[in-house]
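Take a look at the sequence and structure below.

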Amino acid sequence: MGLFWLSRRFPITASAGMPLLLTPPIWPTGIWSYAMVMAYKLFAVAAVFLLPAFAAAQNTAPSARPRASDLDLKVGILPTGPLNAITDVAGVEVGQTTIIRGDNIRTGVTAVLPHPGDLYHEKVPGGIFVGNGFGKLAGFTQVEEMGDIETPILLTSTTSVPRVADALISYMLGLPGNEEVLSINPVVGETNDGYLSDIRGRHITPDDVLAAVKNAKSGPVEEGAVGAGTGTVVFGWKGGIGTSSRRLPGNLGGYTIGVLVQTNFGGVLTIGGAPVGQELGQYYLRKELQQAGSGKDKADGSCMVVVATDAPLDGRNLRRLAARALLGVARTGSSASNGSGDYAIAFSTAPQVRIHTSDKALTRNVEVMTNDAMSPLFEAVIEASEEAVYNSMFKATTTTGNGHTVEALPIEKTLAILKEHRVVN
């Protein structure tokens, strides 16, 4: 209080590259003169020492929020890939455009590229599983019918699906070598970010879409309130983009499974079996059961899951793999409610199973994994999907938009619950 009072009497001024200056006061006369001089000198010395600390505090970024693995949270039994991300599958790239403008725009685009080449001429086998069809997944029927994917997989906001699909078609038609292409099947999924963003404004532009696709890269994947997860909500806390991976041992083929999720759903949050949502007092049907707590409890929303693997799978077994991904989401406490559109898209990057437009043969001789060989991959995708959901929450930050604020999952309180239930040490 003393320093604050003196600072009002004797202002501090500074500029970039200039030393601290204490504005010379007009000294009083009379009985207070000596006391004021001494106080001024003390304040000057204190200010010299305090200003660097104040400046350092102003320039220090908030500490990064952890991933599940940073908390020693072990999900399942299988090891992760080096990055613990979908990009552990060789060739897979991820790009994101995050759109934050004004007080009411919190949206974006996330792009997953199965490989960096021309996907139209070098398609990958694909399969889609619909857990609950309350959503707008463009391109589903052709993937279901033909068993392949011929464009990057894009995730975005519900009402922006047509615009994103249109931009994706333009991108694909514009690639060198596609001058004679007459049909493109864009694969675009979505969740509803209308709580935190002006979803009716449909603010995503073709440039936003192209930026996500063209800037896609391998390596670490940004998680939390980014890209298509900028405005999402999960279990009443801030959701977003999350990713994880698992690797099978060599005696099972050594294959990698990578998962990326866009989380925007509800239920009763469970982490590693611990009832985190209940103990934090925020979960579906809390109010109806007249139990204590606070916060947003609505279970509606959606969840998009993208699964990549280097295992040689055909479209049929990729659809089976996609179905198991939603089991991992269920382990986190999802209710898969009436209003939650839950989809999983899976593809294989194995070179031998790609479909080349230049191949005009009437038959193909390709080695793919058998049904009996799928079970280890099922376990891998369940574990990776579960951890990806946790990462989407752990990495997300508190977000305000469209007149609402959604808090990030409280890390310290969550960690205390996990320790109490011996999920972590």
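## A strand and a helix

The hairpin of β3 and β4 has three residues between its strands, and there glycine 102 takes a positive phi near 60°. This model is predicted.

Strand β3 covers residues 93–101 and pairs with β4 in the antiparallel sense over nine bridges. Strand β7 covers residues 153–157, and it also runs antiparallel to β4, joined by three bridges.

| Strand paired with β4 | Residues | Bridges |
|---|---|---|
| β3 | 93–101 | nine |
| β7 | 153–157 | three |

How many residues of strand β4 are buried? Nine of the nine, residues 105–113, so the strand is largely enclosed by the rest of the structure. Here, buried means under 20% relative accessible area. Ile105, Thr107, Val109, Ala111 and Leu113 point one way from β4. Arg106, Gly108, Thr110 and Val112 point the other way. Residues on both sides are buried.

Now turn to helix α9, residues 411–420. Its buried residues are Ile411, Thr414, Leu415, Ile417 and Leu418. Seen down the axis of α9, they fall within an arc of 160°, so they line one face of the helix. Which exposed residues does the face turned away from the buried side carry? They are Glu412, Lys413 and Glu420.

The cover over the buried residues of α9 includes α6 (276–280) and α8 (375–394). After α9 comes arginine 422, with a positive phi near 60°.

How values were computed:
Residues numbered from 1 in each chain as written. Predicted model: local features only at pLDDT ≥ 70, side-chain atom pairs only at ≥ 80, totals over all residues. Heavy atoms only, no water. Buried < 20%, exposed > 50% of the residue type's maximum accessible area, 1.4 Å probe, protein only. Helix = DSSP H or I, 4+ residues; strand = E, 2+ residues; numbered from the N terminus. Pairing = 2+ DSSP bridges. Arc of directions from axis to C-beta. Contact = heavy atoms within 4.5 Å.
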